[in-house]
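Colleague: I have some "how do you know" questions about this one. Could we go through them together?
Modeller: Gladly, ask away.

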Amino acid sequence: VRCWSNIPFITMPLSRAHGKSFAHRSELKHAKRIVVKLGSAVVTRGDECGLALGRLASIVEQVSMLQNQGREMMIVTSGAVAFGKQRLRHEILLSQSVRQALHSGQSQLKDMAIPVLEARACAAAGQSGLMALYEAMFTQYSICAAQILVTNLDFHDEQKRRNLNGTLHELLRMNIVPIINTNDAVVPPPEPNSDLQGVNVISVKDNDSLAARLAVEMKTDLLIVLSDVEGLFDSPPGSDDAKLIDIFYPGDQQSVTFGTKSRVGMGGMEAKVKAALWALQGGTSVVIANGTHPKISGHVITDIVEGKKVGTFFSEVKPAGPTVEQQGEMARAGGRTLAALQPEQRAEIIYRLADLLTDQREEILLANKKDLEDAENKGRLALPLLKRLSLSTSKLNSLAIGLRQIAASSQDSVGRVIRRTRVAKDLDLEQVTVPIGVLLVIFESRPDCLPQVSALAIASGNGLLLKGGKEAAYSNQILHHLTQEALSIHGVKDAVQLVNTREEVEDLCRLDKLIDLIIPRGSSQLVRNIQKAAKGIPVMGHSEGICHVYVDTDASVEKVTRIIRDSKCEYPAACNALETLLIHRDLLRTPLFDQIIDMLRVEQVKIHAGPKFASYLTFSPSEVKSLRTEYGDLECCIEVVDSVQEAVEHIHKYGSSHTDVIITENENTAEFFLQHVDSACVFWNASTRFSDGYRFGLGAEVGISTSRIHARGPVGIEGLLTTKWLLRGDNHVVSDFSEHGSMKYLHESLPLPQRNTN
């Protein structure tokens, strides 16, 4: 017997050998047999009289979908008392004498007193209607449902218990959804804390304990308990410091303070936790979640089964390291300490990291070799991603040079005064740069991204959460270790955290209370998925890198092939590589055009013809499927335009606002292109590959942003800062500045402090 909160209860069921529950949320998708417990607050309306029909229909739809996937679904439901109360109230109103109704005004009729209804009578009146409603709803999905009413005695009598077990198994075998409820019409009134001491069963005194008992008896894989709260909190929901517990482990009970029970129903959260732990120790995984929230109730059950971070998941396997929530809190605290350091101290950390990249070169390359071998053996990465995964001595040297540039340029990044105003006499206002807070950087394949963004976060005083792809696990691990070693010289090791848990990217994007900005580094599909999944957190980046080069009629023969070759062939997997080549119509069938085609053939670039280009050719290359394509390889599209204006229109229609180039010797044409193309980077007679933080002199970049607010183009330190206002006064109040007040606004601009340009 385990005692918890002075309530004795047994931790092992009677007739089932100890099973093994799922250790992680991601495994819940393998659940075959599932019990869904619907609490009274989920099933009933807010007035506790009648059912929440829309919510119930949504739950039935989700259960039906899972049943039709081949799973075995069971429902433990409340609601009979509420449904019966509605029916009996209606009957009482109808039974009022006609005379009383006639002599009472309409308003008096509305206020007519309804006697207090006995719960067992309500249950008796509501059971048949509740079941009829379930049958009608399940019929819409060609699913049959069957009702089973039980009491505590049905589990204590061995024969009744075997009969119940057999009935449920037979219903599941016939693809029927059993709907189980306590027989509230005959059940005795509940007694608080009435579990039988010395008997190794859990008493069925509410639907929470019924669902737990049933789940263990039927050896189910998953029990989903839906209530009117998001899950289990470390203190009563609604209190200032209450935090939702993502994963709850046996033995964590002492860290939880329970509040009152829900507005309706027999059990509170304490009863749910007790039932959940009992089921967990019987081998059934448990999730407690909110079934009433209008934004999530329509998919809460399917989200849980898909392994999404919904509610509180009960697990017996405690991870070795901190949870991602704890890492987020550590990163925020570490980031604040980092921002409070002197600029020279932050620079010293980055210089130390740059030295470690070269000093520990052999260890880094050895770890990277393991990643490359794993990727090649499993064959799960395309060639462009393999190139991004690969590290080399030259890459590490370039990284170290870039980090030293960041360190040198970061001396006055945080706390720099960008505006000073004298609002009034002795009332001065300053606008100063400050860190954004906690950054989440999600990156695929490219382990060199880790030290780059770490250095930028350190320079800008931001806390950092890093989520790398598993294909670069060994490389990321050693690079993060070196980053923390560098941070340790000033005691801010926790400021940069590497997320190694099984956290799904979509779940990370929901941590709006921990993360202030998400920066994705990877494929266009990854960026789109993150932009879609982010809930209340801004995302900085670009979903595609469809970069154009326009060759004008006045282009230099010497420059054209060099710029096109570099833009397409130097690193075709990069987001700033050429994808569409626009040729002025007058250049077709000229020696310059032939040189371009010959160069692309020599470089083994596969050419796709745009619609207009294909119309000029007798035998054309394969016609492009879409003019809005990012190839990321030795492929490109060629299209014909009639003018620079048409080139600009094409870029605006099919481009991604990343990087676009004009090659011409005509200055007026070039200036028209530079001023009219609405992209983050627009170049004249230069390769698209210059669109890079290192090449811009930023040292490195966290990514290239195509958004129109905050930061655009390669994002370095400046893009990771925001501002705050500091007002220094001396007993100033607004009323002094009223029409008859004693003070007047000055709003004088003051000179800025001298910047450190060393």
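Colleague: Which residue of E14 is the bridge partner of Phe 443?
Modeller: Gly 468 is the bridge partner of Phe 443. Keep in mind that this is a predicted model.

Colleague: What makes E13 and E14 a strand pair?
Modeller: Pairing needs at least two bridges, and six bridges join strand E13 (residues 438–443) to strand E14 (residues 463–468). The two therefore count as paired, and they run parallel.

Colleague: Why are E15 and E16 said to stand at the edges?
Modeller: The open sheet has four strands in the order E15-E14-E13-E16, with parallel pairing. Strand E15 (496–498) and strand E16 (517–521) each have a single partner strand, so one side of each lacks a neighbour in the sheet. From one strand to the next, the twist averages 20 degrees.

Colleague: And which helices lie on that sheet?
Modeller: Helix H12 (residues 324–340) lies across E13, E14 and E15, at about 140 degrees to E14. Helix H18 (residues 473–487) also touches E13, E14 and E15, and its direction makes about 160 degrees with that of E15.

Colleague: How do you know whether Tyr 550 is buried or exposed?
Modeller: Buried means under 20% relative accessible area. Tyr 550 has 0%, so Tyr 550 is buried, and Phe 673, also at 0%, is buried too.

Colleague: What about Phe 737 and Tyr 745?
Modeller: They form a stacked pair, 4.4 Å centre to centre with 20 degrees between the planes. Phe 737, at 13%, is buried, whereas Tyr 745, at 43%, counts as partly exposed.

Colleague: What makes the link between Ser 687 and Asp 566 a polar contact?
Modeller: The cut-off is 3.5 Å between N or O atoms, and the side chains of Ser 687 and Asp 566 are joined at 2.6 Å. The side chains of Ser 687 and Ser 567 make a polar contact of 3.2 Å. At 5% relative accessibility, Ser 687 is buried.

Colleague: Lastly, how do you know that Lys 370 lies over the face of Tyr 474?
Modeller: The distance limit is 6 Å from the ring centre, and Lys 370 is at 5.3 Å.

Definitions and conventions. Residues numbered from 1 in each chain as written. Predicted model: local features only at pLDDT ≥ 70, side-chain atom pairs only at ≥ 80, totals over all residues. Heavy atoms only, no water. Buried < 20%, exposed > 50% of the residue type's maximum accessible area, 1.4 Å probe, protein only. Polar contact = N/O pair within 3.5 Å; in protein donor to acceptor, adjacent residues only side chain to side chain. Axes fitted to C-alpha atoms, helices over the stretch in contact; angles between N-to-C directions. Contact = heavy atoms within 4.5 Å. Phe/Tyr/Trp six-rings, centres within 6.5 Å; stacked < 30°, edge-to-face > 60°. Lys NZ or Arg CZ within 6 Å of the ring centre and 35° of its normal.
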